[in-house]
Amino acid sequence: MPRIVHPRSRRPARTQWTVLVFLTLFTLGLIALAYYYLLPAHRAFLQARHDGDKPGQHAISATSALLMTVVLLILVAGLLLTSESGGSFPA
């Protein structure tokens, strides 16, 4: 009699590698984002504070908060899509 193998027991480590690759690429993207946007925005914010430019401070703060929200949404959506348990229901 042939042995029946459950589909999920064939490659148990596949999801972990996918999540690891996603998190590695996401980390590299965050480093690039910090270097090319967040650090210059921080310098501009400090300059606006030094000059007393309240609308400039609020604009930089709002843009940075929006960017943080988008980055966190991408992180959560990517983790849910790369893991098997995120979008599938038990059969």
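Val21, Leu25, Leu28 and Ile31 make a nonpolar surface patch of about 400 Å². Such patches are made of residues with over 30% relative accessible area and no salt bridge, where nonpolar side chains (Val, Leu, Ile, Met, Phe, Trp, Tyr) are joined within 5 Å and like charges within 9 Å. A salt bridge is a side-chain nitrogen of Lys or Arg within 4 Å of a carboxyl oxygen of Asp or Glu. Accessible areas come from the Shrake-Rupley method with a 1.4 Å probe, and for residues only the protein chains shown count as cover.

This is a predicted model, in which local features need pLDDT of at least 70 and side-chain atom pairs count only at pLDDT 80 or more, while totals for chains, interfaces and linings use all residues. Residues are numbered from 1 along each chain as its sequence is written, and side-chain values use heavy atoms, with hydrogens and water left out.

**Chain and confidence**

- The chain has three helices and zero strands; helices (H or I, at least four residues) and strands (E, at least two) are DSSP runs, numbered from the N terminus.
- Read from the N terminus, the order of elements is α-α-α.
- The mean pLDDT of the chain is 80, and 77% of its residues reach 70 or more; pLDDT is the predictor's confidence in each residue, from 0 to 100.
- Among the elements, α2 has the highest mean pLDDT (87), and helix α3 (residues 84–87) has the lowest (55).

**Surface and burial**

- About 7700 Å² of accessible surface belongs to the chain, and 71% of this area is from carbon and sulfur atoms.
- Of the 91 residues, 14% count as buried (buried is under 20% relative accessible area, exposed over 50%, partly exposed in between, with a 1.4 Å probe and protein chains only).
- Ile31, one of the patch residues, lies in helix α1 (residues 14–51) and is exposed, at 53% relative accessible area.

**Contacts of helix α2**

- Contact means heavy atoms within 4.5 Å; among contacts between residues at least 6 apart in sequence, 68% join residues at least 24 apart.
- Gln57 belongs to helix α2 (residues 54–82) and is buried, with a relative accessible area of 11%.
- Leaving out residues up to four places away in sequence, Gln57 touches Phe45, Ala48 and Arg49.
- Leu79, also in helix α2, is partly exposed at 30%.
- With residues up to four places away in sequence not counted, Leu79 touches Val19, Phe22 and Leu23.
- Leu79 and Thr18 are 61 residues apart in sequence, and their C-alpha atoms are 9.5 Å apart in space.

**Aromatic pairs**

- Two aromatic pairs turn up in a search of the whole structure.
- The ring centres of Tyr35 and Tyr36 are 4.9 Å apart and the planes stand at 85°, so this pair is edge-to-face.
- Rings of Phe, Tyr and Trp (its six-membered ring) pair if their centres lie within 6.5 Å; planes under 30 degrees apart count as stacked, over 60 as edge-to-face and the rest as tilted.
- Tyr35 is exposed at 54% relative accessibility, and Tyr36 is exposed at 64%.
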